Amino acid sequence: ALGIKAILFVGKSDEEIERQILEKREKGVQAIIEEVEALNADCSEYKGADYNTCKWWLNYVVHEKAEVKEIPGNDGFWAVRDHGRNGETLDDFCKMEQAKIAQLTKAEVAALRLYTTILFLWINGPLRKRQTPHPLPFTTLCIYEGLKKLRAVHLSGSAHFQPMYLWRGMNNRSVGKDFLLHGGSEIGCMSTSQSLSVVAGYASSRCPLLFRIKVESPMDLGAN
């Protein structure tokens, strides 16, 4: 009820939290760099997302040119990252049509790119635990705001929006009676796909769980 800022930041008042955010906005991408560099170097809580790995991905997203890479996927299989890219820099991503339509800031573009790396564990994990303050508060805020702004892309075309179904796959999960009666919500970023075969890989386990989500408005649809 208090909004995401109250989860991400700690302050004695709303005004104090807004001051913290303003200071980070003025720093932009540098604020994101400082947050990642401040992660606990010895923390092994998130498997595969150790300090050195996170620093490597930070450097790749912020400073290096995008190139096709084969990396371990979240479903346990190898996946291709940055397929079709040809040496784009962070500035190049900021100049892309989708970024311009959504009026994304450079920090928002960087944060959204970071979420597609192993750093997503440091973003979703603390959110799901209701950890306050969040270890990456400004980075997560940029993702939250960037995803909402990207809805403008769905409204930019001439074609009328058509309702669609999205799939979400989870492994070794089941649905309890309380969820069936009252429903629930995901406090972290939730990846979905229109392809059932894609999410089946993420659900592959002894107890797979698939969600079928009907999207009736472009305002309910995240980034593609």
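Arg130 is exposed, at 53% relative accessibility (exposed means over 50% relative accessible area, buried under 20%, partly exposed in between, with a 1.4 Å probe and protein chains only). This is a predicted model: local features need pLDDT of at least 70, side-chain atom pairs count only at pLDDT 80 or more, and totals for chains, interfaces and linings use all residues. Residues are numbered from 1 along each chain as its sequence is written, and side-chain values use heavy atoms, with hydrogens and water left out.

**Backbone in the loops**

- Arg130 sits in the loop between helix 8 and helix 9 (helices are DSSP runs of H or I, at least four residues; strands are runs of E, at least two; both are numbered from the N terminus).
- Arg130 is not a glycine, yet its phi is positive, at about 60°.
- Pro133 also lies in the loop between helix 8 (120-128) and helix 9 (137-149).
- The peptide bond from Thr132 to Pro133 is cis, with omega near 0°.
- Gln103 lies in the loop between helix 6 (97-102) and helix 7 (106-115).
- Gln103 has a positive phi near 55° and is exposed, with a relative accessible area of 62%.
- Most residues other than glycine have a negative phi, and most peptide bonds are trans.

**Paired strands**

- Strand 3 (residues 164-170) is largely enclosed by the rest of the structure, because five of its seven residues are buried.
- Strand 3 runs antiparallel to strand 4 (residues 209-215), and seven bridges join them (strands pair if DSSP finds at least two bridges between them).
- Leu166 has Ile213 in strand 4 as its bridge partner.

**Helix 11**

- Phe179 is in helix 11 (residues 177-182).
- Phe179 is partly exposed, with a relative accessible area of 35%.
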